[in-house]
Amino acid sequence: MRALVSGGAGFIGSNLVDRLLVEGYDVDVVDDFSTGSLSNLADARGSAGRALTIHHLDITVPTVVDLMVRRRPALVFHLAAHADAGASVTDPVADATVNILGSLHILEGARQAGAERVIIAASGGTLYGEPVPEDLPLRESHPHNPRSPFAVAKKSVIDYLMAYREIHALEFCALALGNVYGPRQGSRGEGSVVAAFAEQILKGDPVTIYGDGEQTRDFVFVDDAVDAFMRATSRGGGLVCNVGTGKETTVNELLAVMAAVAGVEVTAVAAPPRPAELKRSCLDIERAAIQLGWRPWTPLADGTRAVFESRGG
């Protein structure tokens, strides 16, 4: 079976590509390499042979539809995105060009290619907006309340998926991801706090905390998230499923765990809060447990240890 992964040279995408190849799929990677890297696919390129084909292509260009029609993937994993809520505030047009227009090209390509299913990466935190504490952890039935252009775009793509399912019988599963972390993650961007902390700790630099550090996130290890993508290939049709841990962890708590794992004392320095950043985020994962048969298994200490080891720490 052939699978296509948009954003397949990125952090999550490349880990998904590795898993697909192990499972015996032929894989097409579509990436413009604006944030992804060929180095993320080094292992795959070294072992996959003809099972892996990499296409240097921007999803905002209609040519991607033609490519998908030629390659005819049975499964389409859509992970390519402009994934910076703060940047979307200052340049919403650029954000929409990638996250809405680019996503429509992927959906059109999947439709015209006769794909069996599209599995997309949605943003579990920004999709639901700023919750009241008593609603945490958030279920998928919680009203969508996007507070940034990035979040609006992600919500729009889910609406398009539902429309394509109704009109064209194109099946989908949308995974609303918590804060995914792990090896290969870059250290820049608001979702990269684990990678940023690891880089600063290994250099012996002071660790930068944006805001007071009491903002919470639902940190889920990349291998666990990839397993949810794989389970969504045959289950969870027509659903949005949260992929997280169901546990809130403050940024300050995260730093304490990582310092303990590294066996060092760290100095934290404060920086202004990031624009459009949520104060609290945590996802209820019972639907994924029931519909996908999925649960996370990697404790935060073990996951961050893997991050340190991947960076030579």
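Me: Which element gives the most residues to the lining of the largest cavity?
Reply: This is a predicted model. Helix H5 (92-113), strand E5 and helix H7 (149-168) each supply at least two residues of that lining. The largest contribution, 3 residues, comes from H5.

Me: What is the volume of the largest cavity, and which residues line it?
Reply: The structure holds 2 cavities of 30 Å³ or more. The lining of the largest one is made up of His78, Ala80, Ala81, Val98, Asn99, Ser103, Ile120, Ala121, Lys154 and Val157. By class these are 6 nonpolar, 3 polar and 1 charged. The volume is about 60 Å³.

Me: Is Asp95 buried or exposed?
Reply: Asp95 lies in helix H5. Its relative accessible area is 1%, and the cut-off for buried is under 20%. Asp95 is therefore buried.

Me: Which residues is Asp95 in contact with, leaving aside neighbours within four places in sequence?
Reply: Contact here requires heavy atoms within 4.5 Å. With the neighbours within four places left out, the partners of Asp95 are His82, Ser88, Ile100, Pro149, Phe150 and Ala153.

Me: How far apart in space are Asp95 and Phe11?
Reply: In sequence, Asp95 and Phe11 are separated by 84 residues. Taken from C-alpha to C-alpha, the distance between Asp95 and Phe11 is 19 Å.

Me: How many residues of strand E6 (residues 171-177) are buried?
Reply: In a regular strand, side chains alternate between the two faces of the sheet. Strand E6 is largely enclosed by the rest of the structure, because the buried count is 7 of the 7 residues.

Me: Which strands pair with E6?
Reply: Strand E5 (residues 117-123) runs parallel to E6 and is joined to it by 7 bridges, with Val118 having Phe172 as its bridge partner. Another parallel pairing, over 5 bridges, involves strand E11 (residues 239-243), where Val240 stands opposite Ala174. The partners are E5 and E11.

Me: How many disulfides does the structure have?
Reply: A disulfide requires two cysteine sulfur atoms within 2.5 Å. A search of the whole structure gives 0 disulfides.

Me: Which cysteine sulfur is nearest to that of Cys173?
Reply: Cys173 is in no disulfide. Its relative accessibility is 0%, so Cys173 counts as buried. The nearest cysteine sulfur is 4.4 Å away and belongs to Cys241.

Me: How much space lies in the second largest pocket?
Reply: The lining of this pocket consists of Tyr181, Phe219, Thr245, Lys247, Thr249, Pro296, Trp297, Thr298, Pro299 and Leu300. By class, the lining has 6 nonpolar, 3 polar and 1 charged residues. The space in the second largest pocket is about 230 Å³.

Conventions:
Residues numbered from 1 in each chain as written. Predicted model: local features only at pLDDT ≥ 70, side-chain atom pairs only at ≥ 80, totals over all residues. Heavy atoms only, no water. Buried < 20%, exposed > 50% of the residue type's maximum accessible area, 1.4 Å probe, protein only. Helix = DSSP H or I, 4+ residues; strand = E, 2+ residues; numbered from the N terminus. Pairing = 2+ DSSP bridges. 1 Å grid on protein atoms, 1.4 Å probe; cavity = no way out; pocket = protein on both sides within 12 Å on 5 of 7 lines; lining within 4 Å. Points joined across faces, edges and corners; volume = space filled by probe spheres on them. Nonpolar A, V, L, I, M, F, W, Y, C, P; charged D, E, K, R; others polar.
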